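Here is a short tour of a protein model with two chains to look at. Keep the structure open while you read.

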Amino acid sequence: MNIDFSLLIPEFMLAGLAFAVLGVDLLAPEHRRNVLSATTAAVGLSAIAAFTLPYLWNEQDASLYDGIYRVDQYALLFKAFFLAVGAVSVLMSVEYVGQRIKHSGEFYGMLVFSVLGAVVMASAGELLTAYIGIELLTFSLYVMVALHRGDTRSAEASTKYILLGALSSAVLLYGISILYGTLGSTVFTSMEPSLAFGLGTATILVGFAMLLAGFGFKLAAVPFHLWAPDVYEGAPTPVTALLSVLSKAAAFALILRFFAEALPSSIDDWQLTIAVIAAATMTIGNLTAIAQHNVKRLLAYSSVGQVGFLMVGLVALTEAASSALVLHLIGYAFTNLAVFMVLIALENRTGKEEIVDFAGLGNRAPFSAMVMTASLFSLAGLPIFAGFITKFYLFTSAAGEGLLWLVGIAIANSVISLYYYLRIVRQMYVEEPSETSPLRVPVLTTLVLIALLAGTVFIGVYPGPIVDIIEVANRSLPPFVP
Amino acid sequence: MEPISQNYFEEHILESLIYLTMLTALVIVLIPRRQAHLIRLVAIGSGALLLLGSVLVFVAFDYASGEPAYQMLRSYSWLDQLGIDFRLGVDGIAVPMVVLTGVVIFSASIVSWNIERVNKNYFVLLYVLVAGVYGTFVSLDLFFFFFFYELAVVPMYLLIAVWGSSSTFETFSRTKEYSALKLTIYLVAASVLVWVAIIAIYVAADTGTFNIIELQKAVQNGAIDVRAQQVLFPLVLLGFGTLAGLWPFHTWSPDGHVAAPTAVSMLHAGVLMKLGAFGIIRVGMLLLPEGLDHWALVLFIMATINVLYGAFSAMAQTDLKYVIGYSSVSHMGYVLMGIATLEHIGVTGAVLQMFSHGVMTALFFVLVGAIYDRAHTRDSVVLNGLAKRMGITAIFFAFAGLASLGLPGLSGFVAELLVFIGAFRTEPILAVLGVIGAAVTAVYILRLIARVFFGPLNPQWDHLTDISKREGFAAAVLAVPILFIGIWPSPFLRVINSGVDVAMQGLPGG
């Protein structure tokens, strides 16, 4: 067997980068640690994305170790996506970490490790490799959630996250072992023929259910979502952003590949179950979000709702639906990062994170408020922003598969979400603030916000080129069963 | 580059209207906040250009029989995977709506001169709204039709919640935030139905395109079976009907119109509600003709209730804006009634009524806004005898009122007459009720004019001044088309006729 290790250059470089960031932290003088390690991480992530991935793009469907680790267009698209999300997250964290977190080197080091975990998940063609990726990602996040030393909420959130995370990992592993015992393989494509006769036998069903539960926890899908609000609220806000964007996107990258490669022929056995979970996830997430008054909790429930929307693509599992799923993920990343960026900027200046604290932001920081409004409208699925076309694409492609009822529920949920997003918009523009002094937002934040807003609007008015790229990437997945 | 020919004009005019509104919004975003004067001038200048462009569309449209139904076509490929193109074009029904939008936005941008608070965002949102309105009227792609439709609904919340006004009566009060939220929830909830219907039509027709012309052809060839059309039509009816003020889903509309600032009320009652009726024709009549045929009687009954309920409610109101708000509900009833007749003449009347009511109600809001700016009340109980101080206002108000009650020689008469002829041919009993509604309108309008403008002057209003030249001009812009259509309706009717011909092709027996 001839193994081409050059395919793994991005992974090697990422691991090296993580240690380099930790090294910079050791060597740099204390007052410059934060800036220097952040710069190393951001430049490193961007450089890896810019220089290594384009070389690999033309490799047609390469894989290592007999299909266990895949370096195909699908994986590369997600790698580029994760690296970009990582770089933006670093930029988003600089000021916050400088103000509140002592161990800046560890913070950025762990951030790079979490990106590495996500990258492994995108490439995993087999369940145990996927498990390693998941654990690398979540272990980094366990540490990062706890890094807000001195804040008891952070410690509490971390404890909950670790305990429930460990439990779900155990369930996931158990499920994998049962499936391996029954099917004799954990490679997705080798599992497919054995599953083609359906999920009928009890052992397969149990294994599959445990696998689903494990994935459901990582995604925060109902009924495994209850950890999300507490962890989102207690974690340092940039980590909350990572949880809601990177961790979800990586999980979907993995799950979509798993479904497309291992499960297409047994679709009749699981489709309805996943559809019901999707409907419950979006409905419960959105309805609960209405009652929140803390913005981070609200965003936690809103992201539960978004997971429900994304699962619609999984349920339909056609070529169009999977393209739409990836497009929605990308649009969601742009908008959610923008929302968190504004939230972090506000938090850095006022130390507050309740919905009422947004009062008067329209006058105090007009540009940030505008980006916030645009992003919330995008999340709610209004034109000219990304959310409108991505949802339209997703729902249209699912409706063709006889899932019009699910699409109806999803569209109704989309409207419910507008209601609670409007509550924030109303605070920013309508309510009289208790304080009116202008908030000075740093240039770096403004620049990143401009880039994110531009991305949101670009996808919203001209999605064609991005959809073309996604379609090319999704061709790495096996042909979808009609 | 080829020389600018008539062809060149026809290819680019529609997209230019949309780009111009977007560009205006963008330019205003970039102008510093302190330059309030410049912002207003840009807004008015852009409004004038839009009016000019819209009138040119009307002039360039060729209504002669044998001409293509959809003209000034323009198309860019947008998302091939779903068969979505950015496809523009107008038929004889869209053309009057384009003109209406041009007239109202020009007048509204003039009236907005004195808007309070940070006026920059106000104009930006106003022009985003207009972009949505134009886009909906000229889109020939179902996706973009819905895209622009949503775009028009979005800015309303902030326009009302930030720049609107609350009203308090003895027994109840309506804050602007309440009205803004109510309006938004109603309209967005209604758009859920529209969204589902559009996706369902796309899937059912199975042509892999959102192109309205292609879909229309497919439907005429039986692509969507009769049963499916009958199931889907209620979604379209309620979804678009809510925006058109269809009873019993109209209650957002008076509240919203009252709370909104003058220019927004003008656009909303004048143009936006027409999007609803336009949607019923575009999606309901063109793409679900069997469904419309099946549900026509239900629509007819609801429309009749609209007419009567709106008229009687208007009679009971004392707040000037609430009177106009309920009067809009009543007049939109005639539009829906005209569509429900499924008669060529009735549908033509409905489209003309859309135009006529649009300019008329906008004129009302200009005048009520002017009175409110001066007297700081809209209560017709205390507003008496204003004609002695506000003579020109009184003349315009009486003019709008007479158009509203259908005086021959003004546009309302022509439109309502056509609707009634159509209605008598199909449902004579309901038609009689409709005519009774017109009589009730006459009662409350004349009573209102008599009370507010004539009779002894309430000394409290001795200091009032008449409307300024600027406001007078804005009112005149709206009054001209009312008179024009009243005296010489045929240019409009010919254009509308050509559109109705095509729209009714698919109807059973049509």
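Predicted model: local features only at pLDDT ≥ 70, side-chain atom pairs only at ≥ 80, totals over all residues.

Residues are numbered from 1 along each chain as its sequence is written, and chains are lettered from A and ligands numbered from 1 in the order in which they are written.

**Chain B as a whole**

Chain B has 19 helices and four strands. Helices (H or I, at least four residues) and strands (E, at least two) are DSSP runs, numbered from the N terminus. The C-alpha trace of chain B spans about 70 × 60 × 40 Å along its principal axes. A compact globule of 510 residues would have a radius of gyration near 24 Å; chain B has 22 Å, which agrees. That radius is taken over C-alpha atoms, and the globule rule is 2.2 Å times the number of residues to the power 0.38.

Of the 510 residues in chain B, 61% are buried. A residue is buried if 20 or more other C-beta atoms lie within 10 Å of its own, exposed if 12 or fewer, and partly exposed in between; C-beta atoms are placed from the backbone. Among the contacts in chain B with a separation of 6 or more, 79% link residues 24 or more positions apart. Two residues are in contact if their C-beta atoms, placed from the backbone, lie within 7 Å.

**A buried helix**

Take helix α13 of chain B, residues 320-341. Its 22 residues should span 32 Å at 1.5 Å a residue, and its end C-alpha atoms are 32 Å apart, which agrees. The expected span is 1.5 Å times one less than the number of residues. In α13(B), 22 of the 22 residues are buried, so this helix is largely enclosed by the rest of the structure. Just after α13(B), B:Leu342 takes a positive phi of about 60°.

**A helix pair in chain A**

Helices α1 (residues 9-27) and α5 (residues 104-123) of chain A have axes that come within 8 Å and cross at roughly 170°. α1(A) and α5(A) are therefore roughly antiparallel (an angle over 145 degrees). Among the residues that meet are A:Leu14 and A:Val21 in α1(A), and A:Val112 and A:Leu116 in α5(A). This contact divides into 15 nonpolar, three polar and two charged residues. Ala, Val, Leu, Ile, Met, Phe, Trp, Tyr, Cys and Pro count as nonpolar, Asp, Glu, Lys and Arg as charged, and the others, Gly among them, as polar.

**Where the chains touch**

The contact takes 28 residues from chain A and 25 residues from chain B. On the side of chain A, α14, α17, α18 and α20 each give two or more residues. The largest share, 11 residues, comes from α18(A). That side of chain A has 22 nonpolar, five polar and one charged.

**Backbone details**

| Cis bond | Omega | Loop |
|---|---|---|
| A:Pro383 and A:Ile384 | about -15° | A:Ile384 between α16 and α17 of chain A |
| B:Trp247 and B:Pro248 | about 0° | B:Pro248 between α9 and α10 of chain B |

A:Leu317 has a phi near 50°, positive in a residue other than glycine. A:Leu317 is buried, with 22 other C-beta atoms within 10 Å. B:Asp206 has a phi near 55°, also positive in a residue other than glycine. B:Asp206 counts as exposed, with 11 C-beta neighbours inside 10 Å.

Note on methods:
Axes fitted to C-alpha atoms, helices over the stretch in contact; angles between N-to-C directions. Parallel < 35°, antiparallel > 145°, perpendicular 65-115°, else oblique.
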